[in-house]
Amino acid sequence: MLVYLTAECCGYPISIFFIVVNEFCERFSYYGMRAVLVLYFRYFLLWDDDLATSIYHAFVALCYLTPILGAIIADSWLGKFKTIIYLSIVYAIGQVTMAISTIHDITDANRDGTPDNFTFHIALSMLGLILIALGTGGIKPCVAAFGGDQFQEHQSRQLNTFFSVFYLCINAGSLLSTLITPVLRAQECGIHTQQQCYPLAFGVPAVLMVISLVVFIAGSGMYVKTDPEGNIMWSVCKCIGFAIKNRFRHRSSSYPKREHWMDWANEKYDKLLIAQIKMVLKVLFLYIPLPMFWTLFDQKVSICHFSGLLGGLPDQMQTVNPILILTLVPIMDRLIFPLIQKCGLNFSPLKRMTVGMLFAAMAFVSAALVQIEIDKTLPNFPSSSESQLKVVNTYSTTLNVTISPNEHLLIESFGVQLHTSKHTYSTISCMFVNGYTADLNITNLDSIEPSATTNYTLVNQGKRDFVLRHGEQWCEFSRKFGFGASYTFLIPSTVFSDDCESITEVEDMKPNSVHMALQIPQYFLITTGEVMFSVTGLQFSYSQAPKNMKSVLQAGWLCTNAVGNIIVLIVAELGKLPKQWAEYLLFASLLVAVSIIFSIMAYFYTYIDPAEIEAQVRKEQGLEPEEMEKETLEMEEKDEDQKNEQGVKQTKI
Ligand SMILES: N[C@@H](Cc1ccc(O)cc1)C(=O)NCC(=O)O
């Protein structure tokens, strides 16, 4: 048996350092670019909101579909090392193309600060995005699997830690870039005119991608590299196709049953290949319910935007997830999991993933509870069979208003009555009602004619000052506004004589009384779920894959995320439940149901050591002792060459 003793530090292969730094830079590049992408679409290309978000989602979906391509290239053709290098070059070219597409001066011939040829910028940025999607998705299943390949059998503990550190690096990169790139965009730059600095915001991620590639190449001499054993994916497809055909050819009950349907390929295909396909299919079958987790996870971002709870903070909320990951991964790894183990409980990977799903479901229950609280603070909106009428009394005494045939309102002088009735007509509410005898000018608003109203105007939360003017006369007043509130100001004819004192304020909608801290439990729950589910899934996909299909199984794992994203898009198209909290509860219940199904499937799953099974099949095939000896000698020679090439120490035990 051959064992590599690669250069080590604290029990870890040194080559790992290059891989995690590479991942950090790559994720910085990816998330940094993503953080300013929609802003670029909206304010540089001047696309509307719908187009900008559609193209953004299409890009993200493409990034999750390309891992299949990368895995096939790596496992069937180039090997992981070369695939990572070539696709990283494609990725870096994509990032540079994207950065160039954001330089407005390239087509700004009239120097007015806006590009003259939008087609050029759109074409270049779309080309950049396609290259980025190909690169980021393509290398994704290879980098994690290549990292795993650096460890030897006796380093299983370090291998698990590696996947946690790998996840930490992903989130450290995403955290820093999400903080930095929007700040870079806010700078001003340009050759002819100074504009928002998109070239810098996209240029820095491009530089980080180049650094990522350089770091990966720098570690070249230290990696354990395994070459693909021929076009494995093609062999897998042919073998599965033959098994299905053969099974149908022998469907009569006179043929004895075989233990597994893949055994119908025994006549033509190598037992080892069949055993490897069985291992992969078993895991892929287990993955069928998993997209539901990602469906909830990917909606999490919209939870924090609900009902204007956060006002203008969604951008900052993007950093909450990576911050929590950076805190929770070490706590789980160093404290919670060892503690559970000490209690004598077997918290196996599939159990962890099930618990992770339950945490995500709890996050949605928590979101539903908060939503119910928010709903209590909202006014009663008219239903589809009702309309709302607002009557403002600017007359000097109380008025009796009758709405035919028999509905009555009593409105005090300078009072407002909001009235909901079936099948009446609706009126538009207002922000300022001018009861003064002449036109009025109010700061930041158009002038209002007598007895006219303004539209609702959005103002920032906090204390705001208003100045009212008519010719030489003026007065000012201040009011404090709460998030989500809505007010109407009634201006009487005496407004200037009493220095704005007589302005009446009517609260149409109460400010949000639900504190935004109530969102913290949701974020905490969903991120705890992510740590248990996603980090474990990454490790599990590597450990249960046969040696020659590690990238393929990583791609299968990433595919669960892609399907989850697609479900989110379908759900968004299909429409929503009338009550938001009911929708959250529906998703939570679906995930609980899915996690129950998954736990049953997991119960019947037997953990395997792929290397052991492969050795056993070889033995059964009679490769031992002579042929295995021969294979071992061949491997020895190959490894000796590698050792000379890379300075890797090699020992035979
Ligand atoms: N936790 C995610 C990254 C992330 C960052 C910021 C957000 O608002 C949401 C998610 C993660 O680790 N994803 C895995 C990956 O490979 O990117």
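Is Phe587 buried or exposed, judged by relative accessibility? Select Phe587 to begin: at 5% relative accessibility this residue counts as buried, where buried means under 20% relative accessible area, exposed over 50% and partly exposed in between, with a 1.4 Å probe and protein chains only. Before going on, note that this is a predicted model, in which local features need pLDDT of at least 70 and side-chain atom pairs count only at pLDDT 80 or more, while totals for chains, interfaces and linings use all residues. Residues are numbered from 1 along each chain as its sequence is written, and side-chain values use heavy atoms, with hydrogens and water left out.

**Around Phe587**

Phe587 belongs to helix α16, residues 580-603; helices (H or I, at least four residues) and strands (E, at least two) are DSSP runs numbered from the N terminus. Now select Met292, Thr295, Leu296, Gln299, Phe364 and Val571, which are in contact with Phe587 when its neighbours within four places in sequence are left aside, contact meaning heavy atoms within 4.5 Å. For Thr295, the C-alpha atom is 8.8 Å from that of Phe587, although 292 residues separate the two in sequence.

**The whole chain**

**Lys80**

Next select Lys80 in helix α4, residues 80-101, which counts as buried because its relative accessibility is 5%. Show the side chain of Asp149 as well, since a polar contact of 2.6 Å joins it to the side chain of Lys80; a polar contact is a pair of N or O atoms within 3.5 Å, where within protein one must be able to donate a hydrogen and the other to accept it, and residues adjacent in sequence count only if both atoms are side-chain atoms. Not counting residues up to four places away in sequence, Lys80 also touches others, including Cys142, Phe146, Thr226 and Lys547.

**The ligand**

Move to the ligand and select Arg27, Tyr31, Lys140, Tyr167, Ile170, Asn171, Ser174, Gln318, Asn321, Pro322 and Glu530, the residues around it, each with a heavy atom within 4 Å. Helices α1 (15-44), α6 (156-186) and α12 (320-342) each supply at least two residues of this shell, and α6 gives the most, with four. Domain 1 (1-228) and domain 2 (230-376 + 515-653) both contribute residues to the shell, so the ligand lies between them; the domain bounds come from an automatic or database domain assignment.

For the individual distances, a polar side-chain atom of Glu530 is 2.6 Å from a nitrogen atom of the ligand, and a polar side-chain atom of Asn321 is 2.7 Å from a ligand nitrogen atom. On Arg27, a side-chain N or O atom lies 2.9 Å from an oxygen atom of the ligand. The protein covers 87% of the 430 Å² of accessible area that the ligand has on its own.

**Last stop: Asp498**

Finally, select Asp498 in the loop between β14 (486-491) and β15 (504-509), which counts as partly exposed at 24% relative accessibility. Its C-alpha atom is 60 Å from that of Glu530, 32 residues apart along the chain.

Technical notes: Accessible areas come from the Shrake-Rupley method with a 1.4 Å probe; for residues, only the protein chains shown count as cover.
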